Amino acid sequence: MKVYLDGKLVEREKAVVSVFDHGLLYGDGVFEGIRIYNKLIFRLKEHLDRLYRSAIAIELKIPMTKADMVKAVVRTVKANNLRDGYVRLVITRGPGDLGLDPRRCKKATIFIIADKIALYPDEFYQKGLAIITARTRRNYPRSLDPRIKSLNYLNNILAKIEAIKSGTDEAIMLTCDDHVAECTGDNIFAVHGGELLTPPVSVGALEGITREAVMALADKVGMKAREKMLKMDDIYGAEEVFLTGTAAEIISVITIDGRKIGTGKPGVKTLSFMKEFKKLTKSDGLRY
Ligand code: PMP
């Protein structure tokens, strides 16, 4: 495997960063996860736009233009002969010294890993997921806005640990005032009274690329999509619930906190969205 590191393609074993890198010392950096479908880099432009937006939000200068970043991603994917896979693109504040001061970090570190992706097993897509509501809250937007896709995922990881300890695979994270935000690595949707509902990102959720794609597909599925502040009761009472994310794509949720959602099987609308999304992954992105 070849990994892109600061302008060079290096072997996996040589792809190492300094222990003084502030990405490691403080989670000071931003990243993206991007899918490749049959030599098409899905929505690369949208991912890079979000990456650069996140970097601006944390006052991190990416020492590369977007056009050159596209080239770096394609170069990495090609070097690994990948047809299908997943790209992890990471920008850290770079090596500095001990202490928070970002001025000590003279140059951002850029690395790109292109690899196969481990999705949920097939049967989870057919049967749906059991999830819980986590006690750990999503970041308060005024302290660290969840719209920034930063390297700081500690509260998501704590919520994931809760999910795993309860024998499930995902967890819903609420805001500090009990609104539904999203899951640890996915956005959440509810089919309710014929409408497709999802929390507004301003509540404290990531502006998911898959979320955006799914909302735009609502017409095709004969639904209206709309952002709405949701409480857990809206979710428990939904006809269908599903999650969206680059790695998970679209996956049905059949129980939450042990309560059955809808019929307890992936719903017809969810299945239609899955079908439409699959079509999109054949055309919407950059071919190489
Ligand atoms: N929320 C969080 C917290 C995430 O980390 C992700 C990405 N894994 C998502 C939502 C989904 O975003 P996207 O569709 O862009 O992958």
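Good morning. In helix 6, the buried residues are Ile-209, Thr-210, Arg-211, Ala-213, Val-214, Met-215 and Leu-217. Buried here means under 20% relative accessible area, exposed means over 50%, and partly exposed lies in between, with a 1.4 Å probe and protein chains only. Because seven of its nine residues are buried, helix 6 is largely enclosed by the rest of the structure. Helices (H or I, at least four residues) and strands (E, at least two) are DSSP runs, numbered from the N terminus.

A word on the source. This is a predicted model, in which local features need pLDDT of at least 70 and side-chain atom pairs count only at pLDDT 80 or more, while totals for chains, interfaces and linings use all residues. Residues are numbered from 1 along each chain as its sequence is written, and side-chain values use heavy atoms, leaving out hydrogens and water.

Let me turn to the ligand. How many residues surround the ligand? There are 17, and the closest are Tyr-153, Glu-182, Ile-209, Thr-210 and Thr-246. A residue is counted as near a molecule if one of its heavy atoms lies within 4 Å of it. Helix 6, residues 209-217, supplies at least two residues of this shell, and so does strand 13, residues 240-245. By type, the shell has three nonpolar, nine polar and five charged residues. In this scheme Ala, Val, Leu, Ile, Met, Phe, Trp, Tyr, Cys and Pro count as nonpolar, Asp, Glu, Lys and Arg as charged, and the others, Gly among them, as polar.

Next, the polar contacts, that is, pairs of N or O atoms within 3.5 Å; within protein, one atom must be able to donate a hydrogen and the other to accept it, and residues adjacent in sequence count only if both atoms are side-chain atoms. The side chain of Thr-210 has an N or O atom 2.5 Å from an oxygen atom of the ligand. For Glu-182, a side-chain N or O atom is 2.6 Å from a ligand nitrogen atom. Arg-50 places a polar side-chain atom 2.8 Å from an oxygen atom of the ligand. On its own the ligand has 390 Å² of accessible area, of which the protein covers 92%. Such areas come from the Shrake-Rupley method with a 1.4 Å probe.

Is Asp-49 buried or exposed? Asp-49 counts as buried because its relative accessibility is 19%. Its side chain joins that of Lys-45 in a polar contact of 2.7 Å. Phe-111, in strand 6, residues 109-115, counts as buried at 18% relative accessibility. By contrast, Leu-24 in helix 1, residues 22-26, is exposed at 56% relative accessibility.

Finally, the backbone. Most residues other than glycine have a negative phi. Asn-38, which is not a glycine, has a positive phi of about 45°. Asn-38 lies in the loop between strand 3 (29-37) and strand 4 (40-42), and counts as partly exposed because its relative accessibility is 43%. Asn-81 likewise has a positive phi, of about 50°. The loop between helix 3 (66-79) and strand 5 (85-92) holds Asn-81, which is exposed at a relative accessible area of 70%. Thank you.
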